[in-house]
Amino acid sequence: MPNISLAYQWTISVCNAPNVGYSQTYRRGQTVNGITYYDCSSLISAALTKGGFTQTNPWFTTSSMRGYLKDWGFGQIPVTEEWKPGDILWKPGHTEMCYQGYVTMGAHQSGVPLADQVSINSGPVSPTYYTECWRYGGGSATLIWIYGNRYLNQDEMENNAYVFWSTMFGYGWTLNAVAGALGNIQRESTINPGIWQNLSVNPELGFGLVQWTPSTNYTNWAVKNGYDISDGAGQCKWLAEETVPSGQWIPTSSFPQSFEEFTSSTDTPETLAEMFCLNFERAGVAAMEERKRNARNWYNYLENLSPIPPDPGLVIKNKLYKFPILKRRF
């Protein structure tokens, strides 16, 4: 089933990967000396393949891609209309994907520093810079969770970590707190909102991102509030709004901080991973060094990824959805 959101999120991850460059010679995602290469159109072709628009990547060019877009259900809108995340922008010889507003992302050119060859642009362009805008369906890309009763691989965890970061930023969490929580969540569930403890479907066991135990501590609330129990958005809402009322957060002598102090903290990811483990998870097997290491890895991965707004139906703490200042040039 085609999904522009998965194509969009994959493009963001590639644009922020450290070893991706521009080449027309090696444009088909070939890796040479540790660097994976695309050109402008092959990146979009790969993204849409990742999004399920085709099973076999055609590696189209700018001159041939519009035929594929039309066949795959994309339609043209006036290029001067408001762009939405996931829209494909085209002009003779060049194409990119809309990131936010009039900011695009894609494979730009060689001959510049590697980090700038395939990246999210640092600022907007005039809409008339492009001659055509292609959109799938009537809406823009949204956040998509990957889930199921299985262990996720690294690519899948990265997808869900980005969705978690975007969603919890909307609730007012700092990146440090998000990384600290993710350090634990990776250990508990491989960042999978649909996984059961030991892969055994048993209401008495743990379930979901943080492995609520018994699972009914979460699933009863989810059903009552209209969420599928595997919906990551519902689990994030529970974490943001029910952690304190439910009594799940219990300050310890090592970490007497409140839950609000945790979510707003700028302490190190390692410190916050330990705090979340002791005050929230109270895990039978702490594996604390693993949780801390995970937290640092997720901080390093996410610090260059600007969160995108969550589902517009979600009531978020940051009413004006402001993006943080990023360290790396986009």
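How many aromatic pairs does a search of the whole structure find? The search finds 29, where rings of Phe, Tyr and Trp (its six-membered ring) pair if their centres lie within 6.5 Å. This is a predicted model, in which local features need pLDDT of at least 70 and side-chain atom pairs count only at pLDDT 80 or more, while totals for chains, interfaces and linings use all residues. Residues are numbered from 1 along each chain as its sequence is written, and side-chain values use heavy atoms, leaving out hydrogens and water.

**View 1. Tryptophan 10 meets tyrosine 38.** The ring centres of tryptophan 10 and tyrosine 38 are 6.0 Å apart and the planes stand at 90°, so this pair is edge-to-face (planes over 60 degrees apart; under 30 counts as stacked and the rest as tilted). Tryptophan 10 belongs to helix α1 (residues 4-15) and tyrosine 38 to strand β3 (residues 35-38), so the pair ties together parts 28 residues apart in sequence. Helices (H or I, at least four residues) and strands (E, at least two) are DSSP runs, numbered from the N terminus. Tryptophan 10 counts as buried at 17% relative accessibility, and tyrosine 38 does at 9%. Buried means under 20% relative accessible area, exposed over 50%, and partly exposed in between (1.4 Å probe, protein chains only).

View 2. Tryptophan 173 sits in the loop between α5 (154-170) and α6 (175-189), and phenylalanine 259 is in helix α9 (residues 259-263), 86 residues apart. Tryptophan 173 is buried at 4% relative accessibility, as is phenylalanine 259 at 7%.

**View 3. Charges over rings.** Arginine 66 lies over the face of tryptophan 90, 3.8 Å from the ring centre. Lysine 91 places its charged end over the ring of tyrosine 129, at 3.6 Å from the centre. A charge counts as over a ring if NZ of Lys or CZ of Arg is within 6 Å of the ring centre and within 35 degrees of the ring normal.

**View 4. Helix α2.** Is this helix enclosed or exposed, and why? Of the 11 residues of α2 (residues 40-50), 10 are buried, so the helix is largely enclosed by the rest of the structure. Among the buried residues are Cys40, Leu43, Ile44 and Leu48. Glycine 52 follows α2 and has a positive phi, near 85°.
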